[in-house]
Amino acid sequence: MIGGVVAPKINVVKHGFSLRVNRFGGSTVSWGAILANTAPRTDAVDAMVLANFVLPDNTLIGSMTRRLSRIDAGAQAVVGGDLNFRGV
């Protein structure tokens, strides 16, 4: 297509998490990711990131979303958060 807009493509460059057991019960998971917009000329605008926490048997135990207002073309962005669990 001539003159068409190429949609941004977002790749996860790196991701990770850590777990802290809280002194009075439960735990907190801190997570983060580095995202890359590989589109050469198109910014990603109003991107939504969904992080799911899943057990080995595919049971979903938690979810969190984060919104990124913009990831410039060819740039990277960092996203993350904390999620509390009642049990470890």
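## Core, pocket and strands of a predicted chain

The chain averages a pLDDT of 90, and 91% of the residues score at least 70; pLDDT is the predictor's confidence in each residue, from 0 to 100. Residues are numbered from 1 along each chain as its sequence is written, and side-chain values use heavy atoms, with hydrogens and water left out. Confidence is lowest in S3, at a mean of 93, and highest in S2, at 96. Strands here are DSSP runs (E, at least two residues), numbered from the N terminus.

Let's start inside. The largest nonpolar core has 16 residues, and Trp31, Leu35, Val49, Phe53, Leu68, Ile71 and Val79 touch the most other members. Such a core is a set of buried Ala, Val, Leu, Ile, Met, Phe, Trp, Tyr and Cys residues joined through side-chain atoms within 4.5 Å. At least two residues of this core come from each of strand S2 (27-37), strand S3 (44-54), strand S4 (60-71) and strand S5 (76-85). S3 gives the largest share, five residues.

Leaving aside neighbours within four places in sequence, Trp31 is in contact (heavy atoms within 4.5 Å) with Gly16, Phe17, Val49, Ala51, Phe53, Met64, Arg66, Val79, Gly80, Gly81 and Asp82.

Rings of Phe, Tyr and Trp (its six-membered ring) pair if their centres lie within 6.5 Å; planes under 30 degrees apart count as stacked, over 60 as edge-to-face and the rest as tilted. The centres of the Phe53 and Phe85 rings are 6.0 Å apart and the planes stand at 80°, so this pair is edge-to-face. Phe53 in strand S3 and Phe85 in strand S5 are 32 residues apart, and the pair links distant parts of the chain.

How exposed are some of these residues? The classes are buried (under 20% relative accessible area), exposed (over 50%) and partly exposed (in between), with a 1.4 Å probe and protein chains only.

| Residue | Relative accessible area | Class |
|---|---|---|
| Phe53 | 13% | buried |
| Phe85 | 17% | buried |
| Asp46 | 45% | partly exposed |
| Met48 | 47% | partly exposed |
| Asn58 | 66% | exposed |

Two of these rows have a backbone detail too. Most residues other than glycine have a negative phi. Asp46, in strand S3, has a positive phi near 60°. Asn58, in the loop between S3 and S4, has a positive phi of about 70°.

Met48 lies in strand S3 as well. Beyond its neighbours within four places in sequence, Met48 is in contact with Thr65, Arg66 and Arg67.

Finally, the open space. The largest pocket has a volume of about 590 Å³. Its lining has 29 residues, of which Phe17, Trp31, Ala51, Asn52 and Phe53 lie nearest the centre. Strand S1 (10-21), S2, S3, S4 and S5 each supply at least two lining residues, and the largest share, eight residues, comes from S3.

How values were computed. Helices (H or I, at least four residues) and strands (E, at least two) are DSSP runs, numbered from the N terminus. On a 1 Å grid over the protein atoms alone, a cavity is a set of points where a 1.4 Å probe fits but cannot get out, and a pocket is an open set with protein on both sides within 12 Å along at least five of seven lines; lining residues have an atom within 4 Å of a point. Grid points are joined across faces, edges and corners, and a volume is the space filled by probe spheres set on the points.
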